[in-house]
Each structure stands twice: as structure tokens, then as C-alpha cells.
Amino acid sequence: MMDLTQPQWVRHVVFHPFEGFEDLRWKKGGTLKYTVIIIIALFFSMIAFDRWCGFQFRPLPDALFSVVPYLMRSVVYFLAWVVGNWAVCTLLDGEGTMRSICIYSSYALIPYVVSTFINVILSHILVQEEQVFFFAVYYIGLIWTGILLFSAIKAVHQYSVTKTLAAILLTVAAMLVILFLAVLLLSLFQKVYVFFYTLYTEILYRIKV
Amino acid sequence: MKQHHNFLRRQCAAILCSFAAAASALSLSVRADEHYDVYNYNRLGEAIPSQAGYLAERTVSGTDLGTAALSNPQDLFRDSDGCFYLADTGNQRILKIDRDFSRVLHVYDRFTMPDGSSTTLKTPKGVFRSPDTGLLYIADTDNSRALVCTEDGSVVQEITKPDSALYDAQLTFLPQKILCDRAGNIYIILSNTTKGAAMFSSDGEFIGYYGANAVARTAKVLADHFWNAIASEEERRHSTRTAPTAFDNFDLDTEKGFIFTSTSSEISDTDTVKKVNPEGYNLFGYMSDYKWGDLFSAWYSGTSYKTKIIDLDIGADGSINCLDQKTGRVFQYDKEANLLFIMGGTGDQTGTFSASGNVSAIETAGDRCEQIYVLDAGKGTVTVFAETTFGRTVHEATALYNGGYYEEALAPWEEVLRRDGNYRRAYLGIASAYYNMGRYKDSMDYAKKADASRSYNRAFERYRAEWLRAHLNGILLGIAVLTAAGLLFRRYRRRRQKGSGKGGAAE
């Protein structure tokens, strides 16, 4: 029963929101290779949405484009989610490992990524007055991903519904803490860098004189 | 000031590099003619080099006009006959100057009162001549009165501090600027009230105040509003009151009868320029927070060079010409408040004005604002700016475009683009023209260049409809073929599955 190949697993999980991840866990399916592909696709879907959108929907002027926010919104948020969830759920008797959280969470993101790409195509066909279709696709993708993510966390840690909810809330809190610490660390390193740079210029001046 | 220039120059340089070499060469070759930076703002609010719409033609002093040097002149007015009236404030006189602005026609320094006695002025700060009554209106500031007199200097009416319950008796009456609307009502700006201009009927009776600014919606005002709502009567009486900033100059749009006011306050950006109808209602109220003048203010040696609109003039074509006292710049807007040109600056050369705080008045002449006159109180001179070929093309295109003649505006807009490829409104204008002509694809291209998604959307909608109509047969055929292929493929697969299914049923 259920000897699926990896691509078949992806399909099974996405189209069976409630028992898909349980099956995946039972049969130890899923691979990190797909996680990487999905996160890269997420990154590019966000860029495509802002860059390849039909001009009638484009909110962002070309001159203001920077790749950093997109990296932040895809890769960094995903990593923070995985680490935060792992940290929280290890304390809450979760059964998931870092690897399985990575795989399950990323599989759950597929509807969102797909809906974003569909929207990029739609934006070349629709006019502003027909934005509803645009939003419909967006929200279907978002809610679908939300449900998948919920059942992914529930399956990977073998939690009850309430415990899953609590775990997700705590994970979000943990993400905030992680991001805060990351920003702090970054600014501290910057200070250290500035310190050494000042030292360097000071020495340079002394040598010259 | 220097920093501001450097900032602009740096920005100009950065943007120039990124544009086509041809366009930059074009802008640079013209820039050498002016003694100040000629720039405009792009869609993102960045200052970019632009072609000059006006060139400083000459500077006229009191001696050039055949009279004594001007002393701290505060107001300049051009009447419907084309003659100029200049309030030579420090010399206690009003000058009437001819249409070419080359010589003085008459000096008003002595007036005959109705009872036959003679009177003089004391620091007159405002002058106006009504096209309807033909009378001269003078704000005789330090005499605490306003005079209405005929062409030959005999006073027909003297307006002094109103003895009315509406006018606070403790307030002084120091008229700064004056004008008379088409109904004959007289408006006087006083320096000590925020309620608006004092309004007098044609027979000199005080009616009330007119056209006060709105209170800026700052966080403190909102907080006070909240606390006042829950405070008791007693507490409310002791709470602070918020007053709007007072406007300190105005001009009558002779064509339409609107009064435009300008506010030079440095603490508030609300209602910098208002367009007030005879009822006192601000038609620019929906853009109360519109940023007039420079979008960014420079800081240099502890001084802020934030735009301070000291005077404005409505041209015959409805354009709004604002004079910035801080930077000595003139900002010309069309009647829809779209920025057209920026000219002027501070310095000692023609076209620049004495440093910070000395330009005092602006006037325009011509059907399309061919000339702009700027009064510099510090130097006691009037600088005349004349429209360039580029300026004429832009004015022509703008007038046609604002009038709804989009197709007629196409040729002038294209000419504008040949001279300045950065002029965004030209792209918008061409997009509208092509849209009206039914060239939707071209309209989309130009809307894209103008970065205007609304115009693009409009053209795209029609383009899509056209495309669908043209390709309807193909689309229907495609759908039919695809459906048939899908059905066939499904049947084929089912048959194959049935065939192999028997063999693989062991699973």
C-alpha cells in the first residue's frame, strides 16, 4: 500500500490536506531535495510577482527593486520558522526532527507558490476592475497553505488540534525572538567592524605622519 | 545653500549617468545658460535636470525706471490693461509702470481725501487695481488703513479699523495685502489673525472673515480632540486651543473669480496654497497636504531651506506661479496643480535673488504667462523671466491637454519629448492622445514609460477587447481542438490501463 515515488508524494500531500502528512510520516516519504526546490521557487515567485506582473498591477517602480527583502521574506522566514518550531516543539514533546519539519513545512507551501505564479500569468490577462479573481486565487492559495501547514505540524509532532495551535503561536513568538536576536547580532557585528576599521585608519594616519 | 546645490548636482549626476547619452548631452548644453539649477521632479519625487521653461531676461532697478532706487518694495501688481503697480514700501509711495516695464508713468505719494485735505502713505505693503471698478486699492499698513482711490489719486473711500461686534476691539488693524473681487467686496489680509482675510462690502462695511486655513491634523490636535470629548465643561475652558496657520498673500483669478491664497508658515504644510470660491470654500481642500514647492528641504549651516511660499500669481491661462522666499525659486504649476517649471535661485547674477527672505512678490504677463516678474525687496529690483521655446511648447500642450483636446496636444507633446526626454507629463499626454485615437498598443507603451498604471490599464482593457475580437475564431478553434485531444487521450489511456490492469491486478 502507498508505495509512492517522491513526485507522487508531493501530489498526495497537497491534495489530501487532512491525512496526507500522516501518510507521509507513516511511510517516511519526502526528501530535502524538494524542500530546496520549493523554497527557491517561493523566492522566485515573489520576485516574479513584483517584476513580471502585468503593468496595470505593478505597484513597484523599477528603480526601487532590491533582492534583499525577497530573500528575507522567503529563505530567512522559512529558516526562522523551522528553527523556531523545532526549538518550541522539542520542549513540547514533539516527535519531529529538524529534517522532517523542514520537509513537511515546505511541502505545505506549494499551494501558495503555485497561486503566486498563477497570479503572475493572470495579471497579464486581467484589468484592474477584475482584481477579484486575482484576490480569489491569492486567498485560495493562502488558506490552502495555512491548512496544510497546520496539518503538517500536527502530523510531524503527533499533536492534538489544540496543542498544534499552541505550538504554532509559540513558534511565531520564537520566530520574532530569533529575528530580533539576528538583527541585534548584525548591528553588533557592524559596530565591531566599524571599530576595527577606525583602528585601521588611525594606524594609517600615524604611519603617514 | 551650497549643500542644496551640491545635493541636487549629485543627484542630477547620478541620474544623468543612467540615462541615454543623447538626453544628458541635451540637458547639459542648455544648463550653462542659467545661473541656477534647472530641474524638475520625477515620479519618485527625485530632482532631475530639466530643460528651462523660462530664461531670466533682464533685471530692472528703480533708476532704470527713471526714478529713485526702490526701498524694500513689498508688492507688485499688473492690472488688466497691462500696467504695473509697485508698492515702493520704504519710499512711502506707489509707482505706476508702463506695460514694457521700462519707465514710471506716475508716482502716487500724495492723495486727496474726499474732504479736500491731502494725505501720504506710511509703509504701504499691498496694492491692487480692480478690472471691474477701475479703482486702486492700497494697503497703507502703518497708517492702519486701506485706501481706495481713483487713477488720479483722489481717495473715494478710506477703510479703517472696523467698529463692529465681529471685530475684536483689542486687535490692531494693519493691512498687509488687499484685493477686490468681481462683486466689489474688498479683502484685506491682516497680520494678527488666523481667521482669514477681513472682508468688507463695497461701501466699506465689515462683513466678516474669509477663507481661513484648516487646522493641520497633527497627533497633538487629534489627542486634544479626544481629551476634549471626554473632558468636563470646566476642563474644556482651560484646555489649549488649536489655531490654523494664517495665509499671508492672495491673488484673484480674474478669469474665473476664485481667490488663491498662499501661506508661508514654516511649522505647517497644511493648505499652503488654497483655491477659494466666493463662499469661502477651499476647492483644493482634497489636496490639503499637497507639497508645494521643493519636495525636500536642505540643511546648511544650521539653517533649513524649507520652501516658504511668500506670494503667488494666477496667470491668464490659470497657471499657479508660486514664489519661494527661502530659495528664491519660482514654481510654476498648471491649473490642475501639476508642476511645470522651476526657475530662479539665490545669488548675485541675473535670475537669482538676494539670499534668504528677500523676494517679496510675483506677477505674470501674457496669455500663456510669457513673462514672469519677480520683485526682490533686498536688491530693490524686478527680474523679468521670459518663456523659452521649450516653455511655449509645454504651455501649449498643457493648455490643450487640460482642455481635453488630447489628439491636438499630441504634436506639441512630441516636440516636448524631443527637447526633454525626462518630461513625464509628455508621456502621459501622448498616452492619452493615442488612446483617443484608438492606438491602444502605442498608448500602453507610453503609459508604461510614464509609469502610470491607471492609463495603462485603460488602454490595455481596450487592447484586450480588440485582440479577443480579432482572434475569437482562433481561440474557439483552439479550445475545441484541445478538448477533443483531451478526450481522445483519456480514452486512449483508459484503454491502455484496462489492457495492462489485468496483468498487474496482483498488486
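**A helix pair in chain B and its surroundings**

Modeller: H7(B) passes H8(B) in a left-handed crossing. The model is a predicted one, and what follows is computed from its atoms. The two elements are helix H7 (residues 424-437) of chain B and helix H8 (residues 440-449) of chain B, and they pack at an angle of about 165 degrees. Their axes are 8 Å apart. Angles over 145 degrees count as roughly antiparallel, and H7(B) and H8(B) are therefore roughly antiparallel to each other.

On the H7(B) side, the residues that meet H8(B) are Tyr427(B), Ile430(B), Ala431(B), Tyr434(B) and Tyr435(B). H8(B) brings Tyr440(B), Asp442(B), Ser443(B), Tyr446(B), Ala447(B) and Lys449(B) to the contact. By class, the residues of this contact divide into 8 nonpolar, 1 polar and 2 charged.

Next, the contact between the chains. Here 9 residues of chain B are in contact with 7 residues of chain A. On the chain B side, the largest share comes from helix H9 (residues 453-470) of chain B, with 5 residues. The chain B side as a whole divides into 3 nonpolar, 2 polar and 4 charged residues.

One residue of chain A shows this contact in detail. Gln128(A) lies in the loop between helix H6 (110-122) and helix H7 (131-157) of chain A. Leaving aside neighbours within four places in sequence, Gln128(A) is in contact with Gln56(A) and with Asn457(B). The C-alpha atoms of Gln128(A) and Phe57(A) are separated by 6.9 Å, although these residues are 71 residues apart along the chain.

In chain B, 3 strands form an open sheet in the order S18-S19-S20, and the pairing is antiparallel. Strand S18 (249-252) and strand S20 (273-276) of chain B are the edge strands, each pairing on one side only. From one strand to the next, the twist averages 20 degrees. Strand S19 (residues 259-262) of chain B pairs with S20(B) over 4 bridges, in the antiparallel sense. Ile259(B) has Val276(B) as its bridge partner in S20(B).

Notes:
Residues are numbered from 1 along each chain as its sequence is written. Chains are lettered from A and ligands numbered from 1 in the order in which they are written. This is a predicted model: local features need pLDDT of at least 70, side-chain atom pairs count only at pLDDT 80 or more; totals for chains, interfaces and linings use all residues. Two residues are in contact if their C-beta atoms, placed from the backbone, lie within 7 Å. Ala, Val, Leu, Ile, Met, Phe, Trp, Tyr, Cys and Pro count as nonpolar, Asp, Glu, Lys and Arg as charged, and the others, Gly among them, as polar. Axes are lines fitted to C-alpha atoms, for helices over the stretch in contact, and angles run from 0 to 180 degrees between N-to-C directions. Angles under 35 degrees count as roughly parallel, over 145 as roughly antiparallel, 65 to 115 as roughly perpendicular and the rest as oblique. A crossing is left-handed if the near helix is turned anticlockwise from the far one by less than a right angle, and right-handed if clockwise. Two strands pair if DSSP finds at least two bridges between them.
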